[in-house]
Amino acid sequence: MEMLEIAEKVHDETRQGEAFAPFKEEVNVYRKKFYIESYGCAMNFSDSEIIASILNKEGFGATRNFEDADLIFLNTCSIREKAEQTVRKRLTEFRKVKEARPGLLIGVLGCMAERLKSKLLEEEKLVDIVVGPDAYRSLPGLIEEAETGQKAVNVLLSRDETYADISPVRLDSNGITAFISIMRGCNNMCSFCVVPFTRGRERSRDAVSIVNEARDLFSRGFKEVTLLGQNVDSYYWVNETTNETITFARLMEMVALIDPSLRVRFSTSHPKDITGEVLHTMAKYENICNYIHLPVQSGSTRILQLMNRTYTREWYMAKVKQIKEIVPDCGISADIIAGFCTETEEDHRDTLSIMEYSQYDMSYMFFYSERPGTLAARRYTDDIPEDVKKRRLQEIVELQNRLSLESNKKDIGKTFKVLIEGNSKKNTTEWKGRSSQNKVIVFPKLNNDLKPGDYAWVKVNDCTQATLLGEII
């Protein structure tokens, strides 16, 4: 496993730097073309779809070739040092392209824009446009400004921007699964995390627009939506017309009721906010997937206090017990940080033991790296030597590998309802899909009249550490 640095949000490593394009073959004609590369968590990829929609309305079209583009954007993340280094490297490469084509505009969007605006614009002169996560609506005006040779900047954070009325232009996805952003920002102030400073305070999008977006996706053939937010469980919206308060559990129910064949997932949950109401709603609806990403970060109460996670080791374990009681076959995954400030060997052993207790199906595992601007950077010394962090991380990874394999072995002989997402990566004679518990299942196509977007009942015969192997029954 690659040694990754800290992230509160899950990063899909296979998608880092992915170029946006809604179509395989673009047939429309546009006055100008834009190129977007996205880095970071699912929220950033979702934001790229919003940006594409805003630019489309102004007559700009997406291209997958930066050589064809009049505008090059990097949608960035500030959570990991690694992501920032990659983006800087890309900006240097694009600056060389700009030297050959002086009319080309280069912009940095998202979390890094908010944090490093003056550095990127004045000191390093790498970019023409800098736009924070709440200012994408101002992009057309900023582009006009930049075209006159001015540096164009808007990194103002908003208390109410949710982009609720913008219909995202979907990435060239599998056409089966899609993300719906339900809220923006975060109020949690975990000491290691930069999100509250780069994405601002929490605000929930109106429920009516979320349900409409999900209904529209379903009518276009999508079969699964993931409700997305930095902390979905604290979703809260009041319908002023009916005076009804919509909690996350109620919102999830509203989306589930669109159609029983539309699957509903969500990410990410903060343990302190996942309520009994949410769990009972999951248990009530078959199409709400039995899977919760429940970041633990550390198994030590002392370290959790330093991280400002607002729960203890015992409280988290009780929450896992409650999940397993109300939703017995629920898959659980976690984020885990090794080597946070002052972490002792005993603290580290507490993390290993909470992993054993929770029996995670999988985890996103990182060693701590200090991010400028966070509470931890201001309050604590990053005092654990790197070799100790790496050794502890390795022990966490090895334990998780064992837990993942054990979890998969328990599924051998069981039958799951699988949503077919497309061909298996390794073999086009096999389908790939996921169970309700978010496990990847690969199985032979045979001569069944099935296609992506269909459901199949699959019996598991074997497994690897990461994948279940089965057959249609």
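Are helix 8 and helix 10 roughly parallel or roughly perpendicular to each other? This is a predicted model, in which local features need pLDDT of at least 70 and side-chain atom pairs count only at pLDDT 80 or more, while totals for chains, interfaces and linings use all residues. Residues are numbered from 1 along each chain as its sequence is written, and side-chain values use heavy atoms, with hydrogens and water left out.

Select residues 276-284, helix 8, together with residues 313-326, helix 10; their axes come within 9 Å and cross at roughly 25°. Helices here are DSSP runs of H or I with at least four residues, strands are runs of E with at least two, and both are numbered from the N terminus. Axes are lines fitted to C-alpha atoms, for helices over the stretch in contact, with angles running from 0 to 180 degrees between N-to-C directions. Helix 8 and helix 10 are therefore roughly parallel to each other, a term that covers angles under 35 degrees. The residues in contact (heavy atoms within 4.5 Å) are G276, L279, H280 and A283 of helix 8 and Q322, I323 and I326 of helix 10.

Next, step back to T268, in the loop between strand 14 (263-267) and helix 8, where the peptide bond from S267 to T268 is cis, with omega near 5°.

Now select C330, D361, S407, K410 and D411, which lie nearest the centre of the second largest pocket among its 18 lining residues. A pocket is an open set of points on a 1 Å grid over the protein atoms alone, with protein on both sides within 12 Å along at least five of seven lines, and lining residues have an atom within 4 Å of a point. The largest share of this pocket's lining, four residues, comes from helix 13.

Finally, select I50, P168, S181, R205 and E213, the closest to the centre of the second largest cavity among the 13 residues that line it. A cavity is a set of grid points where a 1.4 Å probe fits but cannot get out. Helix 1 (42-57) and strand 8 (177-181) are the elements that give two or more residues to the lining of this cavity.

Conventions
Parallel < 35°, antiparallel > 145°, perpendicular 65-115°, else oblique.
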